[in-house]
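Please find below a short note for a reader who is new to this entry. The points are numbered and may be taken in order.

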Amino acid sequence: MGLLSLHEANQQANQLVALQHKIEAYRQVQHDTLRQLYGVSTVLAFPNATTLASVLRQMNQFGYDLDRISFVAKDEAALLDQVREECARFIAVVSHVIDLIRNGQAAEAKQSELAEPGPLADKLERLTNQLVNRAEADMVAGIDASQQTYAKSQALVAAGALASFVLTLVLGHTISRAVIDPVRIIHDGLSRIAAGDFSHRIEVPNPDELGALAAHVNSTREELQQLYGSLEEASRHKSQFLANMSHELRTPLNAILGYAELMADGAYGEPSEKMLGILKRLEANGKHLLGLINDALDLSKIEAGQLVLELSDYSIRDITQTVRNALEPLAADKKLAFKVEVDPEFPSGRGDERRLTQVLINLAGNAIKFTDAGEVAIKAEANNGSFHVLVRDTGPGVSAADQAKLFQEFQQADNAITRKKGGTGLGLAISKRIIEMHGGRIWVDSIVGQGSTFSFTLPITVERQVEAA
Amino acid sequence: MSKRILVVEDHADNRQIIRDMLAPTGYEITEVENGEEALAAIANQRPDLILMDIQLPVMDGYETARRIKADPALRSIPIIAVTSYALSGEEKKARAAGCDEYVPKPFSPRQLLAKIRNFLQRSQLLQCMRLLLAQSRHFETEF
């Protein structure tokens with residue numbers, strides 16, 4: 001509609017231009033007529049070759065302009081014919097006058113000029129005036145029509161805008177019902193699945209691709225549910241297996257360690273120096289194996305969510321004292337200074353005392369194991385509701401690359417020293433889990449060659465254990 | 001009079017270790033391999049202390065301990081649970097069943113022996129006191 005209206009307006013403009021051309025052509029004929037009359041009068045006044053040639057040239061021009069009128073104003077056939085007729089007569093009369101002048105009959109020509117071309121020219125002027133008037137009237141009408149068309153297109157554009165607005169609303173609603181709602185339902189369903197809830201079936205009634213997508217999501221959900229179930233069962237089996245394995249490994253280990261100790265104590269006769277050395281190695285290896293068994297069991301319990309913190313009130317001073325009792329002989333063996341710095345007024349905390357002791361023994365035990373000279377210090381501070389405990393050593397330090405791996409299972413700093421020192425590679429991983437279950441954080445600061453500081457923070461009061469992510 | 005120790009253990013090597021550990025002490029040892037045999041042995045001759053493995057065939061250590069502690073005549077016999085169960089809460093379970101001490105495997109024979117001596121001395125002390133008490137009552141009635 002709008003386009004049609006525009007087209008109309010365009011046509012109107014073209015018509016106006018055509019009318020303008022018409023009027024111009026008419027006026028030209030009028031002008032020519034006058035000049036012709038003027039020319040003839042001049043010839044009569046000054047009959048010579050120059051004036052005659054001028055009149056003849058004007059006659060040619062007149063004929064040419066007449067042709068132009070018939071070209072631009074094809075629709076005015078009746079009037080034009082009249083004009084043409086009059087023109088022809090006018091030309092004939094003028095030609096006659098000219099012939100008379102040529103033949104030297106100036107007086108007759110003058111007579112003839114007075115009698116005929118004048119009235120003819122008047123008539124021609126009237127006729128062309130008529131033509132001009134009509135064309136002008138057409139033009140006014142044209143302008144009017146053009147204005148109307150403009151108003152019409154304005155209304156049409158406004159109506160078009162309104163219609164598009166309404167259409168957008170209707171389409172929006174339809175699209176929302178057909179697309180957005182199902183997409184939201186599918187999205188909600190996927191969110192539930194991502195959160196581990198496999199019980200919810202997605203209902204999308206769409207017969208289109210969205211319906212198919214929902215069906216796919218549903219079948220994937222069922223597969224995931226089954227997979228998840230079997231994974232849970234596998235995890236349970238794994239934990240049970242590890243618990244059984246741990247038990248089964250302990251029984252023969254008990255015999256190995258028991259016999260070694262009895263032998264060293266002389267239960268089977270006095271052992272030689274060399275034998276005693278070997279028995280010590282046997283005992284050390286057996287204890288290492290026991291450490292591995294215990295750590296693997298701990299880790300599997302943590303992973304299966306079976307390790308539950310036993311929350312009670314504890315004193316960091318007591319814990320550090322226990323650690324000192326357990327590790328001071330080891331530090332003394334290596335001639336290391338072993339320092340414990342805890343304020344006597346230290347507040348008591350709430351958490352799993354046994355597990356926190358395990359963490360501190362692990363950190364301090366590592367420090368003693370890897371430090372060959374200097375000191376190992378345990379320091380504890382309390383501020384802003386948190387304990388900050390650190391174990392500082394003067395050992396070889398840990399490179400930045402190894403620091404990142406240190407708290408992962410079976411990841412030890414990979415160098416000759418750690419291979420020589422042994423260890424299960426699980427202690428720090430377990431310590432990290434235990435601290436995180438208390439809602440705390442554990443990390444290491446170290447510069448190679450300048451020792452290491454292992455630190456952890458934890459809330460002074462832990463009322464609920466933090467579930468592993 | 002030498003002390004009698006009942007060893008309830010199904011694993012031959014562990015029995016051997018306990019035997020070798022106790023050999024220099026002069027304690028009298030009775031060995032059985034499950035809970036039922038243990039109850040029978042106790043009925044036959046009252047021991048002064050019981051070393052009880054927990055995972056046993058026929059009747060396990062917890063059940064055996066419960067039955068012994070349910071009998072007023074046997075209640076005072078100390079029971080040391082020696083177990084390779086390592087799950088947390090195991091000690092609690094042992095105490096709930098009536099065991100007086102809990103020793104996880106692998107145990108150090110040296111440390112286990114120290115615990116055994118401790119218990120036997122304590123019960124000997126108790127016996128002495130009981131004897132003294134009885135004698136003092138006897139005096140009271142006499143004079």
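1. In which helix of chain A is Gln358(A) found? Gln358(A) belongs to helix α9 of chain A, residues 353-370, where helices are DSSP runs of H or I with at least four residues, numbered from the N terminus. The model is a predicted one, in which local features need pLDDT of at least 70 and side-chain atom pairs count only at pLDDT 80 or more, while totals for chains, interfaces and linings use all residues. Residues are numbered from 1 along each chain as its sequence is written, chains are lettered from A and ligands numbered from 1 in the order in which they are written, and side-chain values use heavy atoms, with hydrogens and water left out.

2. Gln358(A) is partly exposed, because its relative accessible area is 24% (buried means under 20%, exposed over 50% and partly exposed in between, with a 1.4 Å probe and protein chains only). Leaving aside residues up to four places away in sequence, Gln358(A) touches Asp298(A), Ile430(A) and Ile434(A), contact meaning heavy atoms within 4.5 Å. Although Ile434(A) is 76 residues apart from Gln358(A) along the chain, the C-alpha atoms of the two are separated by 9.2 Å. The side chain of Gln358(A) is also joined to that of Arg355(A) by a polar contact of 2.7 Å (a pair of N or O atoms within 3.5 Å; within protein, one must be able to donate a hydrogen and the other to accept it, and residues adjacent in sequence count only if both atoms are side-chain atoms).

3. Helix α6 of chain A, residues 209-264, holds Arg250(A), and Asn218(A) also has its place in α6 of chain A. Arg250(A) is buried, with a relative accessible area of 4%; its side chain makes a polar contact of 2.5 Å with the side chain of Asn294(A), and the side chain of Arg250(A) reaches the backbone oxygen of Lys105(B) at 3.4 Å.

4. Is Asn218(A) buried or exposed? Asn218(A) is buried, since its relative accessible area is 3%. The side chain of Asn218(A) reaches the backbone oxygen of Ile202(A) at 2.8 Å, and, not counting residues up to four places away in sequence, Asn218(A) touches Arg201(A) as well as Ile202(A).

Note on methods:
Helix = DSSP H or I, 4+ residues; strand = E, 2+ residues; numbered from the N terminus.
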